[in-house]
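These are my notebook entries on a structure that I am opening for the first time. I write down what I looked up, one topic at a time.

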Amino acid sequence: LRQAGFSVETGHDDLLVGFANITLWVEVKNPKGRNRLQESQEKLYEEFKGAYLVARSTEEIINWFSKQI
């Protein structure tokens, strides 16, 4: 993502990604590993008032931003 010009901050559940003055909270899931939200993550997904995405690939994140711009 950084190589594509995105700002990426770690240390949050899981990433804060910024591009074109838009900030997205991304929960990263491994499609081959634990691929579901934990209870606390489900609660955040339901209650968070900002942009929030559960993504399983970099392409999903880039596509989300492409639809917003």
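Does Glu27 count as buried or exposed? I looked up its relative accessibility, which is 2%, and Glu27 therefore counts as buried, where buried means under 20% relative accessible area, exposed over 50% and partly exposed in between, with a 1.4 Å probe and protein chains only.

**Entry 1: ground rules.** I note that this is a predicted model, in which local features need pLDDT of at least 70 and side-chain atom pairs count only at pLDDT 80 or more, while totals for chains, interfaces and linings use all residues. Residues are numbered from 1 along each chain as its sequence is written, and side-chain values use heavy atoms, with hydrogens and water left out.

**Entry 2: around Glu27.** I find Glu27 in strand β3; helices (H or I, at least four residues) and strands (E, at least two) are DSSP runs, numbered from the N terminus. The side chain of Glu27 is joined to that of Gln41 by a polar contact of 2.9 Å, a term for a pair of N or O atoms within 3.5 Å, where within protein one must be able to donate a hydrogen and the other to accept it, and residues adjacent in sequence count only if both atoms are side-chain atoms.

The side chains of Lys29 and Gln41 make a polar contact of 3.1 Å, and Lys29 itself lies in the loop between β3 and α1 (39–47). Leaving aside residues up to four places away in sequence, Lys29 touches several others, among them Arg34, Arg36, Val54 and Arg56, with contact meaning heavy atoms within 4.5 Å.

**Entry 3: the sheet.** I wanted to know in which order the strands lie, and I read an open sheet of 4 strands in the order β1-β2-β3-β4, with mixed pairing; two strands pair if DSSP finds at least two bridges between them. The edge strands are β1 and β4, each of which pairs on one side only. Neighbouring strands of this sheet are turned against each other by 30 degrees on average, direction ignored.

Strand β1 (residues 7–12) runs antiparallel to strand β2 (residues 14–19), and 5 bridges join them. In this pairing I see Glu9 bridged to Leu16 in β2, and His12 standing opposite Asp14 in β2. Between β2 and β3 (residues 22–28) there are also 5 bridges, in the antiparallel sense, and one of the bridge partners in β3 is Thr23, which pairs with Gly18. These two strands, β2 and β3, form a hairpin with 2 residues between them, and in the turn Ala20 has a positive phi of about 55 degrees.

I also checked Ser7, which lies in strand β1 and, because its relative accessibility is 48%, counts as partly exposed. The C-alpha atoms of Ser7 and Val17 are separated by 5.6 Å, although the two residues are 10 apart along the chain.

**Entry 4: the helices.** I find α1 lying across β3 and β4, running at about 140 degrees to β4; axes are lines fitted to C-alpha atoms, for helices over the stretch in contact, and angles run from 0 to 180 degrees between N-to-C directions. The other helix, α2, packs on the sheet and touches β2, β3 and β4, its direction making about 150 degrees with that of β3.

**Entry 5: the cores.** Which residues make up the largest nonpolar core? I count 11 residues, including Phe6, Val17, Leu24, Leu53, Ile61 and Trp64; such a core is a set of buried Ala, Val, Leu, Ile, Met, Phe, Trp, Tyr and Cys residues joined through side-chain atoms within 4.5 Å. At least two residues of this core come from each of β2, β3, β4 (52–55) and α2 (58–68), and the largest share, 3 residues, comes from α2. A second, separate core of 5 residues includes Trp25, Leu44, Tyr52 and Val54.

**Entry 6: the rings.** I find 8 aromatic pairs in the structure: rings of Phe, Tyr and Trp (its six-membered ring) pair if their centres lie within 6.5 Å, and planes under 30 degrees apart count as stacked, over 60 as edge-to-face and the rest as tilted. Trp25 and Phe48 form an edge-to-face pair, with 4.8 Å centre to centre and 80 degrees between the planes. This pair links distant parts of the chain, since Trp25 is in strand β3 and Phe48 is in the loop between α1 and β4, 23 residues apart. Trp25 is buried, with a relative accessible area of 19%, whereas Phe48 is partly exposed, at 32%.
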